[in-house]
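Student: Hey, I've just opened this one and I'm new to it. Can you walk me through what's inside?

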Amino acid sequence: MSNAIRYDALLVRDLARELDRTLRRVRLDAVVLDRDTLRLTLHVRPRRRSGATPDSLLWQLHPESGHLARVAPERVKGGVQLGAVTTITGVHAPPDERILIIDLDAHDAPDGAARRIVIELVTNQWNALTLGADGRITGVLRERETRGRVLRAGAAYELPARSSRAGAAAPLDRTQWHDALGIVPPGERLRALLRFAAYTSPLNAAAILAGADVSGDEAVLDQALARYLDMIWTGERTPALLHLDDRWQPYSRIDPDRESAEPLDSLVEAFHLAAERSAATPAETGEVDRALEALSRRIEVLDRRAERLREEQAGAGSEAARLRAQADLLLAQLYRVERGSDRVTLDDFAGGTVEVGLDPTQSAAENASRLYEHARKRDRASARIPGLLASAAQERQRAERLVERVRAGECTPDELAKVLAQPRATSRRDGPSLPYREYRTTGGLEVRVGRGSRANDELTFHHSRPTDVWLHARDVAGAHVILRWERADENPPASAIAEAGVLAALFSRARTSGTVAVDWTRRKYVRKPRKAAPGLVLPDRVRTIFVEPDPSAEERMRAEV
């Protein structure tokens, strides 16, 4: 994150007005210019009881900084002290200029003392100067010659070229506004506004124009004028700290559409807070941005996990009841089950029929016992869900608190490093790339999706176990999908098979269909015919599910890895 502050004429004008209110008639003990660190320090004595420790107003004028802060005098070291004890009589900024001028009491200072302090905040040529009674420079932070101006001690000081934009001394009227912008086609008005209207800059121009830069409607242009007058002339001054793409930016007016604005009591506080947060962030590393992004992803994953746990909790009771009912029917109608069947249709107790899936390697009684065990597992899983929800909620709260501390600049480098050290799916392994993509179901089961025809064969026959579940979209080209499952005596949960089925549908040519038939079986029942084309296999003992190829499910399962 870049630490540099951007100054525009509006920010400088409002900062000058704030400093005028707080510094007028305040005693100035000393002015210090430190050329090594490019700092200006004003040792001021606030309006309080005599004998109190004076404060220092420190202005960092390095091109990569620009911060203003109140600091204790003992923190200011080095530099050249200029002038003697005097009184600040006022602070102002020339209209539509990025120049701040601090006037000193001419009757309260000895001969040769500074009578004026000038702070130039133009582009990256920031500078600070002190002027004597004759207008000559008595001290300068950065000596230079630029555009005919000589900035050295003893030279007569000249202000930079004055702004020629309209509206610097008085508000623009409707005629001026429409004459300047009405003839400019939408799409080019932003540049025209910056050339024409005083106090506009890249910090506020987009908010002023809004729809007027895309619409030629005269009423929309009138609305832009109203926003301009409100921001520059009539609107309430609202000091804030903005979090822009690459830095913390103090500003005096808030765009209502900007969500990153943090209202504060004063601009000096905004500058001070920006300095603290920037100091906590190594320049140009972007660690804070990356940490916030990582924490945001973590919170999203936790929210999705909690939502799925609540859905699972809501259906756990009915699922357990359904499994017990099937087991009861099996025990009551054992005579109807043929040995080796993978399903049977039974009469239910309400006069209808129910189809029950079977393990063909087990007897009817063993299948009933298996269903009872599945029901008990659903009950046990349901009993664990409240604890899992509470754990997810606690982890989310910790992540939210960490987000607040990162944004406030309170995180230590070690804490940031821990956040950034969280592994991503793309960095979990070294070495050659694998023939599959990795995902994880709600319940934490691993799912592998083949990357192509040859990769499908590699995945199915060299990166899976015989007990794993193999899935493929029916009758269309697509990826082989492997749901990792170790137990040979029972199938994975139906919800996990459904989630893996969604991936099989998404990574097939049927991905745009509303509903996709997906076949599944144990991997041990999949074989490769001799001389078959890459990816072509023959599955046996296949069952079919119907799923909706929802892309958000793929994103969710990828985030869980």
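Predicted model: local features only at pLDDT ≥ 70, side-chain atom pairs only at ≥ 80, totals over all residues.

Student: How far apart are the centres of the Trp177 and Tyr228 rings, and at what angle are the planes?

Tutor: The ring centres of Trp177 and Tyr228 are 5.3 Å apart and the planes are at 35°, so the pair counts as tilted. Trp177 belongs to helix H2 (residues 174-181) and Tyr228 to helix H5 (residues 218-234), so this pair ties together parts that are 51 residues apart in sequence.

Student: How many aromatic pairs does the structure hold?

Tutor: Five. One of them is Tyr7 with Phe271, which is stacked, at 5.8 Å centre to centre and 20° between the planes. Tyr7 sits in the segment before helix H1 (9-23), while Phe271 is in helix H6 (residues 267-279), so that pair ties together parts 264 residues apart in sequence.

Student: Is Phe271 buried or exposed?

Tutor: Phe271 is buried, with a relative accessible area of 0%. Tyr7 is buried too, at 6%. Together with Trp126, Tyr7 and Phe271 make up one aromatic cluster.

Student: Okay, new topic. Which rings does the charged end of Arg13 sit over?

Tutor: Look at Tyr199, where the charged end of Arg13 is 4.7 Å from the ring centre. The charged end of Arg13 also sits over the ring of Trp233, 5.6 Å from its centre.

Student: What about the largest nonpolar core? Which residues touch the most other members?

Tutor: That core has 73 residues, and Leu40, Trp59, Leu100 and Trp177 touch the most other members. Helix H1 gives the most to this core, with eight residues.

Student: What does Leu100 touch?

Tutor: Leaving out residues up to four places away in sequence, its contacts include Val12, Leu15, Ala16 and Leu19, along with Trp59 and Ile117. There's also a second, separate core of 25 residues, with Ile497, Ala505, Leu506 and Trp520 among them.

Student: Now sheets. In what order do the six strands of the open sheet come?

Tutor: The order is S18-S19-S21-S20-S22-S25, with antiparallel pairing. Strand S18 (436-440) and strand S25 (543-547) are the edges, each pairing on one side only. From one strand to the next, the twist averages 25°.

Student: Which strands does helix H10 lie across?

Tutor: Helix H10 (residues 453-462) lies across S18, S19, S20 and S21, running at about 145° to S19. Helix H11 (residues 494-506) lies across S18, S19, S20, S21, S22 and S25, at about 75° to S25.

Notes: Residues numbered from 1 in each chain as written. Heavy atoms only, no water. Phe/Tyr/Trp six-rings, centres within 6.5 Å; stacked < 30°, edge-to-face > 60°. Helix = DSSP H or I, 4+ residues; strand = E, 2+ residues; numbered from the N terminus. Buried < 20%, exposed > 50% of the residue type's maximum accessible area, 1.4 Å probe, protein only. Lys NZ or Arg CZ within 6 Å of the ring centre and 35° of its normal. Core = buried A, V, L, I, M, F, W, Y, C linked by side-chain atoms within 4.5 Å. Contact = heavy atoms within 4.5 Å. Pairing = 2+ DSSP bridges. Axes fitted to C-alpha atoms, helices over the stretch in contact; angles between N-to-C directions.
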